Amino acid sequence: MRITVLGKSPSWEDAGGACSGYLIEDGAASLLLDCGNGVFSKLRLFRDYTDLDAVLVSHLHADHILDLVPYAYALTYAPRQQPVPVAGYPGTDSPARPLLFAPSGARECFRRVVGAWGDEDLIESAFALEEYDAGSTVEVGALRARFHEVPHFTTTYAIDFSSTNGSGRFTYGADCCPGEELIEIARGTDLLLVEATLPRPERTGIRGHMTPGEAGDHARRAGAGHVVLTHISDELDPDWARREGSEAFGGPVEMAREGAVYEV
């Protein structure tokens, strides 16, 4: 299993960066995990978007879904997607329509977002939308994903990936605050991508994210093999974040960076 970081920013993009988005490949299978602001253009640097098998969304916050909109426009209006010859393309009777797995309520959410300015079924027409919940299992080729709800400001799922090809496990913590839920799904994972958004806990006391130290502590308690801190701004000192995470984990952790590739 191969994981490529397309975007690792929090809810505002790094300079020249993108919000949450990760390309997962295993054999012939390809899946985009989250599709936040700026991710579609990053995806195009690594893979033809019409060849992607599926998109899987962890939750319905803007920084994890907004680039489904330009992606849907491309699938709808790109010359090679048209049924008749256009601009040198021969026309097709079977335009690409990737699977889109999203939490329950996604259809209504997407219709509300794109309906604010135009065709409310843009996303569900461009993609084959399937909603999932905590009890679901998603399979795309050799990839298999299972879910565990984690505490955040909206219904959010950490996602654990395994492969029928016999490669290792990869766990994506999505966005979450401290809690046992992430530890449960990530226990013994080979690679944990864990959010480390905050320099300190939220002042209000209402939690939705973690600090690098909290992220490292959760990785230690889960017994993760390899730890990467993500969902973190370029405005937060990376040396400080790495140090805080490593001390809590009890070993070295990495900082996510766009273009980084991990194999499990």
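Predicted model: local features only at pLDDT ≥ 70, side-chain atom pairs only at ≥ 80, totals over all residues.
Helix H7 spans residues 212–222 and helix H8 spans residues 238–249, and the two pack at an angle of about 30°, with a separation of 7 Å between their axes. Because angles under 35 degrees count as roughly parallel, H7 is described as roughly parallel to H8.

On the H7 side, the contact is formed by Pro-212, Gly-213, Gly-216, Asp-217, Ala-219 and Arg-220, while H8 contributes Trp-240, Ala-241, Glu-244, Gly-245, Ala-248 and Phe-249. When these residues are sorted by class, the contact of H7 with H8 comprises six nonpolar, three polar and three charged residues.

Turning to the cysteines, a search of the whole structure returned zero disulfides. A disulfide is a covalent bond between the sulfur atoms of two cysteines, and the criterion applied here requires a pair of cysteine sulfur atoms within 2.5 Å. For Cys-19, the closest cysteine sulfur belongs to Cys-35 and lies 11 Å from the sulfur of Cys-19, which is too far for a bond. Cys-19 counts as buried, because its relative accessibility is 0%. For Cys-109, the closest cysteine sulfur is likewise that of Cys-35, at a distance of 13 Å, and this too is too far for a bond. Cys-109 has a relative accessible area of 10% and is therefore buried, given that the term applies under 20%.

Note on methods. Residues numbered from 1 in each chain as written. Heavy atoms only, no water. Axes fitted to C-alpha atoms, helices over the stretch in contact; angles between N-to-C directions. Helix = DSSP H or I, 4+ residues; strand = E, 2+ residues; numbered from the N terminus. Parallel < 35°, antiparallel > 145°, perpendicular 65-115°, else oblique. Contact = heavy atoms within 4.5 Å. Nonpolar A, V, L, I, M, F, W, Y, C, P; charged D, E, K, R; others polar. Buried < 20%, exposed > 50% of the residue type's maximum accessible area, 1.4 Å probe, protein only.
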